[in-house]
Amino acid sequence: MKLTDISPAIALTPLDGRYHNATAPLVEYLSEPALNRERMRVEVEWMILLANGFEGNGNQPVVDGVKPFTEEEKSFLRAIPEDFGAEGIAAHAAHEAVTHHDVKAVEYYIDDQIDKAPAELTNINDALKTLVHFACTSEDINNLSIARCVKNAMENVWTPAFKEIIDHLAEKAEEYKDKALLSLTHGQPATPTTLGKELAVYVYRLNRQLKHIENQEYLGKINGATGTFGAHLAACPDVDWIAVSREFVTNRMGLTWNPLTTQIESHDWQAELYSTVSHANRIMHNLCVDVWMYISRGVFAQVPVKGATGSSTMPHKVNPIRFENAEANFEISCSLLDTLSATLVESRWQRDLTDSTTQRNIGSALGYSQLALYNLMGGLKSIHPNDHVISRELDENWEVLGEPIQTAMRACELRGLPGMDKPYEKVKELMRGHEINKEQVEAFIDQQSFDPETAARLKALTPATYTGVASKLVEFDR
Ligand SMILES: O=C(O)C[C@H](Nc1ncnc2c1ncn2[C@@H]1O[C@H](COP(=O)(O)O)[C@@H](O)[C@H]1O)C(=O)O
């Protein structure tokens with residue numbers, strides 16, 4: 001049997017196949033039918049504005065000869081996108097198969113629905129079809145629809161999942177703020193920190209990106225074939241089309257009005273947004289790799305999933321597969337987002353159509369990130385610190401106390417205490433490349449001419465208590 005003969009169709013890509021559960025919420029906003037439905041919403045709202053006017057023009061019809069819609073007529077029109085389902089998708093596809101123009105097919109689909117209007121809605125008649133897509137170029141409809149789809153996807157799906165990760169990390173940062181942890185710089189034992197503070201660093205970094213995302217502008221334009229309102233003025237010379245355009249984009253579409261464009265909205269906001277999401281992806285990629293290595297080191301233990309298999313051949317194993325999956329999918333998302341950011345900001349002269357097919361991949365770009373967020377969250381929920389390993393690591397690395405001792409010696413020397421010269425060299429001789437224990441550290445401190453207070457302070461230090469103000473720093477993670 002050929003797989004292409006199976007119905008419903010087998011997905012080619014994993015986002016819609018294997019990983020559908022994780023990415024499905026984006027279908028509502030970033031799939032092709034979602035875009036076509038949004039195009040219908042835009043077309044219908046444009047008709048309503050043209051027919052019923054707005055406060056700025058005294059609520060008069062914008063276009064002469066058009067009768068304002070009654071509330072019932074508006075509801076009928078607004079139901080067209082809301083009722084767009086499997087049958088509608090097929091009907092739109094049938095039009096597109098003839099027109100080879102997806103937005104024209106939307107226009108014809110709306111015409112079909114107008115034909116089905118009940119007789120009592122007298123304004124929804126054959127003549128009304130002239131108002132569908134009036135003075136619009138397809139990009140007027142597309143740019144507004146895409147901006148609204150992306151905004152909704154970000155606000156309703158991606159950002160909540162991103163926030164869930166940040167909130168979880170913030171909760172764990174607080175929980176583990178006093179849990180001392182051996183640091184590794186260059187992969188070598190270094191000044192201890194706390195597990196909570198290390199997580200708080202990620203919270204702080206991710207929150208900065210969240211702020212950028214929450215302040216992101218979503219721009220839109222409706223100004224005709226080359227942004228000049230030429231057709232609008234030729235048809236209706238007395239209308240303040242700039243005011244109509246601003247009203248529509250700002251108040252009816254809920255976007256930031258872009259007054260100055262070629263045929264296309266310039267997509268700069270998209271480049272900004274995708275760069276930020278890509279940056280956030282990379283920070284979380286760093287987190288995945290860090291946690292993976294903490295797990296490998298034994299700092300984090302994983303909770304085995306009942307009934308699950310780690311390795312097909314080594315029965316003892318619990319593999320950190322969710323972090324590995326997230327790592328890979330953040331990478332794929334970044335490469336798509338980076339391509340979108342880089343290419344969408346260019347268009348030849350007043351337009352080329354490269355942006356059209358490129359923007360059809362916004363769902364994939366955010367989908368891979370969504371999938372990674374899903375697995376990262378699952379992974380984070382399945383780990384907990386392994387206190388035994390954490391304490392052992394600290395206990396086996398007393399040489400990390402070389403830093404506070406030599407720094408305290410410098411301070412004593414600066415205060416004029418005798419015998420404190422060459423502190424770095426003295427500590428280095430004792431500690432570099434040697435295994436050092438508590439007794440040796442104490443003996444070294446005793447051999448120096450510290451004042452009693454400093455000596456006591458240094459002797460009280462252990463690798464586990466030498467964490468500075470790490471726990472206090474967790475407060476700054478928001
Ligand atoms: O309002 C217009 O249409 C003006 C026209 N520019 C266009 N603007 C927007 N869409 C257009 C344009 N041209 C084609 N198409 C249709 O876009 C679709 C491209 O399909 P795909 O490459 O799969 O993304 C595919 O459906 C195309 O038919 C111009 O001549 O400037």
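Start with Ser138. A polar backbone atom of Ser138 sits 2.8 Å from an oxygen atom of the ligand. Keep in mind that this is a predicted model.

At Arg360 the side chain is involved, with an N or O atom 2.7 Å from an oxygen of the ligand. How much of the ligand does the protein bury? Of the 630 Å² that the ligand exposes when taken alone, 64% is buried by the protein.

Now the whole shell. Around the ligand we have His100, His101, Asp102, Thr137, Ser138, Gln263, Arg351, Leu353, Ser356, Thr357 and Arg360. By class, seven of the shell residues are polar, three are charged and one is nonpolar.

Where does the ligand lie relative to the domains? Domain 1 covers 24–134, and domain 2 covers 139–305 + 319–392. Both contribute residues to the shell, so the ligand lies between them.

Next, Ala173. Ala173 belongs to helix 6, residues 138–175. Is Ala173 buried or exposed? Buried: its relative accessible area is 0%, and the cut-off for buried is under 20%.

What does Ala173 touch? Leaving out residues up to four places away in sequence, Ala173 contacts Gly196, Leu199, Ala200, Val474 and Asp477. Ala173 and Glu475 are 302 residues apart in sequence, yet their C-alpha atoms are 9.3 Å apart in space.

That's the tour. Over to you for questions.

How values were computed: Residues numbered from 1 in each chain as written. Predicted model: local features only at pLDDT ≥ 70, side-chain atom pairs only at ≥ 80, totals over all residues. Heavy atoms only, no water. Near = heavy atom within 4 Å. Polar contact = N/O pair within 3.5 Å; in protein donor to acceptor, adjacent residues only side chain to side chain. Areas by Shrake-Rupley, 256 points an atom, 1.4 Å probe, with all protein chains shown as cover. Nonpolar A, V, L, I, M, F, W, Y, C, P; charged D, E, K, R; others polar. Domains from an automatic or database assignment. Helix = DSSP H or I, 4+ residues; strand = E, 2+ residues; numbered from the N terminus. Buried < 20%, exposed > 50% of the residue type's maximum accessible area, 1.4 Å probe, protein only. Contact = heavy atoms within 4.5 Å.
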